[in-house]
Structures are given as C-alpha cells and as structure tokens.
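Me: Here's the model I'd like to talk through. Could you take my questions one by one?

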Amino acid sequence: MAMKLMKGNHALAEAAVRAGCRFFGGYPITPQTEILEYLSARLPEVGGTFLQAESELGGVNMVYGAAAAGCRAMTSSSGPGFSLLQEGISYIASAELPAVFVDVQRYGSGLGDIFQAQSDYFTATRCGGHGDYKLLVYAPASVQESVDLTVLAFDKADQYRNPALILSDASIAQMMEPVELPEMREVDFDRPWAARGRHGGENKRISSTMYYIENFDSYIKAKYDDMVAGEQRWEAVRVEDADVVLVAYGISSRICKEAVMQARERGIRLGLLRPISLWPFPVKGFAEVNPEVKAYLAVELSALPRLEEDVRLAAGQRVPVESFLGGMNIPESSALVERAASLISASGTFQR
Amino acid sequence: MAEKRTPALLIEDNRYCPGCGHGIINRVLAEVLEEMGLAEEAVISLAVGCGGLMMYSFGTDWIQAPHGRAAAVATGFKRVRPKNCVIAYQGDGDALAIGFSETMYAAIRNENITAIIVNNGIYGMTGGQMAPTTLPGQKTATSPKGRDADTTGLPLDVIAFMKERKVGYLARGSLHSAREINRVKKYIRAAIENQMNGGGYALVEILSPCPTNWYMTPEAAMKHIENTVETVYPLGEFVKNGEKVDA
C-alpha cells in the first residue's frame, strides 16, 4: 500500500475511523484539536457521529453512552482537558465498556503551555479517576505508530472490555511523516453486552459490574493481572551488551535512539529500552538487558521524575537508576551521551 | 371488582421511602411505555440520587450515568441507536446543579431524547440538603435558617431557560392529586411521542414530594406541593410540537 505524508493527529484520527470508530464526542484544546477537526468531516462520510461537546465532561459521557450502545467510540484531549475526562473514564472502566482515549500531552500543571511534554505519565498509568481500575496505555513514538497503536487500542479495549489510552505528545501529534494506513473495518454494534432495548430478553444493566459479579475483588484483580501478563510491549535497542540503558517512550525515545548511535560510534556501550505499553509497564523487557548493566537513565520531558519510578521497580534495586529530565528544555542527544559516559566512569566506585 | 394490574416493567418492589413521588412516576412511566409498545425499545440513562434506585425495580435496559451527566450519556446512546426510545431520568440536584450544563446543552442541541426531571426541592439521597430548586426560606440540612435568596439565588426554573430555545416539548406536572398524576401521564406520553416522531428535545419536570426530608407526612407533603411549591413552579405544557404554548 502506498505511503502517505500525514500529520500525527490526522493520521491518528484516520486510523481510528479505519479501526471502526463511529463515534467521537470532544472539545477543542491545543495540541489535539486536529483530531476533533478531522473527525468532524470524516465521521459523517462513513455514517458515524461527530459531536462537539460543551465540555470534556459532556464529551466523555457521550462516549460512555455510545460505548454502552456497542459502538467503537473515542474522545481526545490534552492536559487540562484530560483531567476533566477522568470521572467518565472511571465510570466506563467500572461498567467494563471498551472505549479509546487520546491525551496529546502538553507542558505544565494548571494551564501550562501547548508545547510537548510527558508529565501526564502518572495520570495515565496510575489512573486519574477514582477507584480500582487501570487503562491500557500506549505511547506512540512516530506518526506510523500513532496509527498502529490506535488500531491496537480499539482491539485491546474490546478484548478486555476496558478503556485504552493513547498517550501522545505535541511533537508526535504535530509532525508530518509518511504513514501506511490500515484497511477500513466495520464493527458490528450488536455486541452481546451492548444495551439496545431488551427485545424480549433480560434487561441490560450498564453500571459498575461489581453489582453483578461474584467475588468481584478477585475477578477484577485477575482481569488486570491478565493484562500485565499478556500486554507488555517494548522495543529494545542494543541492550544486550549495554553498560548504560536509557529508558524513554514517545518523542524522547527518538532523541535517545540518536544518542545510542552517537555513543556507539565513540565506543560507549549505550542501549535503549523503549516502553510501547506504559501500562502494563514492560517489566519483561528488562530481562533482555545485559545482566552486567551499570545504570539505567530514565529520560522524560517532565520537570519532575515520573517514568523513573517504574524503571526503579523494574530494575529491582540491583542497578542505580537516574533521571534525565526536560520539559521547558529539550535534551540534546549529545548531553545524554555525556551523562551516560559519566555514569559508566562513576560505576567503578559503586559498591554492590 | 376492578382488576389490580401492575405494569410488567416493574420487576421488583421499589426501594423508595414511603410517600416518595418516584414510585408514582416509575409506575406512570412503565404504563406509558407498555401502552405505547416501547417496553422492549426503551433505554434509560439513570441519574445518581434517589432516582437511581429504579435500577433495581425498572425492567428496561438502562445505563447508570455519572452524577449530572445523564443527558450526555443519553445523547451518546441515542446518536448511535436512533430507533430506541431514550430517556434521561434525573432528580433536580443531578440535572440542575452538577448537571446543569449537560442538561441545558441537550436542550440547546435539541437532542432527540426525553428528559424526566423529578423536582422535590432537595437532595434526597444524601439527606435533604439545599438544591437549586429549594424554595426561598425553605429549611434544609444545609440551609438550617431557611434558603437565603440574597446569597444563594432564587429557585431554578429550568423550563424558563429552555422555552426560548428551539426544543420539541416542555411540560411541568405535579403529583399532588390523582387528576394531576393523570396529567403527568399525559405529559410523559406526549414527550415520548415527540421523541419517536423525531421532534427533538422533550422535558417533563415533575413536582414530587419528599416526606422524609421535608419532615412531613405524605399527605401534608402533597398539600405543600399544591399550596406552596406550585406558586413558584407553574404547571402545564409550555412547548408542544416545537411551538410555544400561549399562556
């Protein structure tokens, strides 16, 4: 199939349509607005529904209603708007409905600013709403991956009847790259769990499934344990012999890839572990790393360490873990190489 | 002797307090849906609050909406399945305080759904706190000296907000007598017919007693609605077939 040059947000939106998404309810916020704009024209072409909501609260609850009807449904937002989606996400997860969310991350708490960042990591991976649930979280590092992971997110949301999240950022969303789009799919709305009027059968009750499921505590734990066991995704670059392994997702992983190449040219054994699923965190990927690795360096575009916590848990306290933080300032690959080199020289003094 | 008939849609005894209006409204709604042949097609977007208790006793498909968001949930559902009869069933706190935006925007979009808003002037489920609909001077759990209109505003008349918009049907009924209950049934039927004819947004607001939190007997609560509440909230049909009804 021919490649097409597309902006990240447009490609993601087209991928959603081709994955069978037929409902979008959302609200404008930079830097995700192109998703909304694109779908306002595109969804009606395929018989779908686009609704510009009065707020993110309105949008997420329209998605809840559409998902309850059996439709593949989605909304997208960014930072401040993502905060407003959390209530609805908790309800959708609690009712065990599939839906896909997109957070195109921007910098800062409060109003912040519209440039790229990775500071919503905790809201995404710890779950930002109330109660016991998790989201399947996917982090694209390219426009192509925005397409591929959006399709995957719809399929996995259906498989587990659980919301999935694409955690993108302003860079990936705004850049243009060549992409290959998937074939168009239609998904039947009449799924067995969907509300549609009882039609002679038992009435469908869309609500927290805790009301209906025996031994709910262990049931829901097992559901999320299955995801942890089966849904870890990562890319490993030169980690087998690495003295230092960078851990980074999304846009910062691309700087890290460049740093790995530069380091290797200088004879520095640097590797990269790139989480593609942020939840479940790809702990299994750490098994591919050189057992003699001297340090991990979590690289993320946020002022406070977030990813570093998961790297520490995965590294199991055997290996020092440090952070290379950014956000307002974007790290240069050369600075990452220097930091790696200093970690290696310092490692001689580590007592283990 | 008259045969006692209970609508089959009422699948269990309701869980409301004695003298609560929700039981009457559930009964009337069940009768209308069955008489119109819509029992198998109806999907209810349920509020959080006392109204949400109908999840146990009302036998249609339903979706438990987050507090205040029933109209947005109903919107998403109706857009995907336009043939179903979609009803947002809410109390006044749910629909008019935390959910005022979702409620109003469903009307502003002229969404083809039917909203039933049960106005008892307080938050029932949480124990009788002040609501947007509480009358001036009315004592509640959070207005112990009576609602002060100077600092908390006047009672909210949602139909006054909506009737200047392009909507399909607006009516307000009361439960204070058998005659008024029959009118409520007529309004609910009209509001659902409006939806099934593609007439756009329809709302029936119902003045309903809460003897428990009003600290009244069921009988006194009905008299209070007739003598006091109805002086603040006028009854009748305000918009029909998309046209304003002349007062």
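Predicted model: local features only at pLDDT ≥ 70, side-chain atom pairs only at ≥ 80, totals over all residues.

Me: Where is the place of Pro31(A) in chain A?

Reply: Residues are numbered from 1 along each chain as its sequence is written, while chains are lettered from A and ligands numbered from 1 in the order in which they are written. Helices (H or I, at least four residues) and strands (E, at least two) are DSSP runs, numbered from the N terminus. Pro31(A) is joined to Thr30(A) by a cis peptide bond with omega about 5°, and Pro31(A) sits in the loop between β2 (23–26) and α2 (33–45) of chain A.

Me: And which residue does a cis peptide bond join to Pro280(A)?

Reply: Pro280(A) is in the loop between β13 (277–279) and β14 of chain A. The omega there is about 0°, and the partner is Trp279(A).

Me: Is Cys127(A) buried or exposed?

Reply: Cys127(A) belongs to helix α5 of chain A, and its phi is near 80°, a positive value in a residue other than glycine. A residue is buried if 20 or more other C-beta atoms (placed from the backbone) lie within 10 Å of its own, exposed if 12 or fewer, and partly exposed in between. Cys127(A) has 21 C-beta neighbours inside 10 Å, so it counts as buried.

Me: What about Arg238(A), how many other C-beta atoms lie within 10 Å?

Reply: Arg238(A) also isn't a glycine, yet has a positive phi of about 55°. Its spot is the loop between β10 (234–237) and β11 (244–247) of chain A. Arg238(A) comes out as partly exposed because its count is 17.

Me: How many residues of domain 1 of chain A are in contact with domain 2 of chain A?

Reply: Chain A splits into domain 1 (4–230) and domain 2 (234–347), with bounds from an automatic or database domain assignment. Their C-alpha centres lie 29 Å apart. Contact is when the C-beta atoms of two residues, placed from the backbone, lie within 7 Å. On that basis 20 residues of domain 2 of chain A meet domain 1 of chain A, whose own number is 24.

Me: Which element gives the largest share of the side of chain B that touches chain A?

Reply: That contact takes 28 residues from chain B and 32 residues from chain A. On chain B, β1 (42–46), β2 (61–64), α3 (70–80) and α5 (100–108) give two or more residues each. The largest share is eight residues, and it comes from α3(B).

Me: Which strands stand at the edges of the nine-strand sheet, and why is one side of each left without a neighbour?

Reply: It's an open sheet with mixed pairing, in the order β9(A)-β2(B)-β1(B)-β3(B)-β4(B)-β8(B)-β7(B)-β9(B)-β10(B). Strand β9 (residues 205–206) of chain A runs parallel to β2(B) over two bridges, with Arg205(A) opposite Trp62(B). Each edge strand has a single partner strand, so one side has no neighbour in the sheet; the edges are β9 of chain A and β10 (243–244) of chain B.

Me: What angle does the direction of α3(B) make with that of β3(B)?

Reply: Strand β3 (residues 85–91) and strand β4 (residues 114–119) of chain B pair in the parallel sense over five bridges, and Tyr89(B) stands opposite Ile116(B). The helix α3(B) is mostly covered, with eleven of its eleven residues buried. Axes are lines fitted to C-alpha atoms, for helices over the stretch in contact, and angles run from 0 to 180 degrees between N-to-C directions. Packed on the sheet, α3(B) touches β1, β2, β3 and β4 of chain B, and the angle with β3(B) is about 175°.

How values were computed: Pairing = 2+ DSSP bridges.
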